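Colleague: I should like to work through this protein step by step. May I put my questions to you while we look at the sequence and the structure together?

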Amino acid sequence: MSSIDASTTRDSGKTAPESGHPPPPPLVNFFGVDFALRLLLFASTISALIVMVTSKQTKLIPTSLSPPFPAYVSRAAKFNHSPAFIYTVAALAVTCFYSIITIFTSAFVISNPFPSTKMLFNMILFDALMAGIMASATGATGGVAYIGLKGNSHVNWNKICNVYDKFCRHIGASALVSLIASIILVILVIVSSYSLYRRS
């Protein structure tokens, strides 16, 4: 009888929890993913910015003038000739600077695995703001680039990419990389929102 009681005591000691509450589940976070995405954001914005500001091409354009007037005139295409491109350069510069700041913030979050909810909320807020700015800049650049590529016969806007091919390639590449930066910012909003949700 005593051996049965001892065995029951041992079994109950094995199955009984040490405290009255079950252990909390481990927190799942994506702080490492957040840090890597912010590095990609910096790389994409600085690349798009450099490509955009170096978009310059000069061509000799034929004229319909008769001598003694010149048969060709020199015309240059630059990014600062379009307000949409100027806005994109400004948006890329701001987002690039923002990515540098948040890289250090993300590194701090990695070193401190239990960041405050206020910090996570602020990161979500500013990431969403930057995503909106980059999306609008990308849309503006894409619209002007499409007109340059295809033209618009309804308003007699001629295409220019058949003449300024190098310039258009720069603008198209910058718009594509800007779109990638916008997508990265949207992913960052999702990642930060999930981290905040896990903390609640």
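Colleague: Where is the place of phenylalanine 79?
Modeller: This is a predicted model, in which local features need pLDDT of at least 70 and side-chain atom pairs count only at pLDDT 80 or more, while totals for chains, interfaces and linings use all residues. Residues are numbered from 1 along each chain as its sequence is written, and side-chain values use heavy atoms, with hydrogens and water left out. Helices (H or I, at least four residues) and strands (E, at least two) are DSSP runs, numbered from the N terminus. On that basis, phenylalanine 79 is placed in the loop between S2 and H3.

Colleague: Is phenylalanine 79 buried or exposed?
Modeller: Buried means under 20% relative accessible area, exposed over 50%, and partly exposed in between, with a 1.4 Å probe and protein chains only. Phenylalanine 79 has 18% relative accessibility, so the residue counts as buried.

Colleague: With which residues is phenylalanine 79 in contact, leaving aside neighbours within four places in sequence?
Modeller: Contact means heavy atoms within 4.5 Å. Serine 55 is 24 residues from phenylalanine 79 in sequence, and their C-alpha atoms are 6.1 Å apart. With neighbours within four places in sequence left aside, the contacts of phenylalanine 79 are Met52, Val53, Ser55, Phe85, Ile86, Val89 and Phe167.

Colleague: What pattern does the protein follow along the sequence?
Modeller: The protein has five helices and two strands. Taken in sequence order, they give the pattern α-α-β-β-α-α-α.

Colleague: How does the span of H4 agree with expectation, and what is the distance between its end C-alpha atoms?
Modeller: The expected span of a helix is 1.5 Å times one less than its number of residues. H4 has 34 residues and should therefore span 50 Å, which agrees with the distance between its end C-alpha atoms, 49 Å.

Colleague: What is the reach of helix H2 from its first C-alpha to its last?
Modeller: Helix H2 covers residues 31-53, which makes 23 residues. The expected value at 1.5 Å a residue is 33 Å, and the reach is close to it, at 33 Å.

Colleague: With which residues is serine 44 in contact, leaving aside neighbours within four places in sequence?
Modeller: Serine 44 belongs to helix H2. Its relative accessible area is 9%, so serine 44 is buried. Neighbours within four places in sequence aside, serine 44 touches Val177, Ala181 and Ile184.

Colleague: With which residues is serine 182 in contact on that basis?
Modeller: Serine 182 is in helix H5. Its relative accessibility is 7%, so serine 182 counts as buried. Again leaving aside neighbours within four places in sequence, its contacts are Met134, Ala135 and Thr138.

Colleague: Which cysteines form a disulfide?
Modeller: A disulfide is a covalent bond between the sulfur atoms of two cysteines. Here it is assigned to a pair of cysteine sulfur atoms within 2.5 Å, and the structure holds one. The sulfur atoms concerned are 2.1 Å apart, and they belong to cysteine 161 and cysteine 168.

Colleague: Is that disulfide left-handed or right-handed?
Modeller: Cysteine 161 and cysteine 168 are both buried. The torsion about their S-S bond is about -90 degrees, so the disulfide is left-handed.

Colleague: What is the phi of asparagine 156?
Modeller: Asparagine 156 lies in the loop between helix H4 (117-150) and helix H5 (165-199). Asparagine 156 is exposed, with a relative accessible area of 65%. Although asparagine 156 is not a glycine, its phi is positive, at about 60 degrees.

Colleague: What is the volume of the largest pocket?
Modeller: On a 1 Å grid over the protein atoms alone, a pocket is an open set of points where a 1.4 Å probe fits, with protein on both sides within 12 Å along at least five of seven lines. Grid points are joined across faces, edges and corners, and a volume is the space filled by probe spheres set on the points. For the largest pocket, the volume is about 310 Å³.

Colleague: Which lining residues lie nearest the centre of the largest pocket?
Modeller: Lining residues have an atom within 4 Å of a point. Strand S2 (72-78), H4 and H5 each supply at least two residues of this lining. The lining has 18 residues, and those nearest the centre are Phe85, Val144, Gly148, Ile160 and Phe167.
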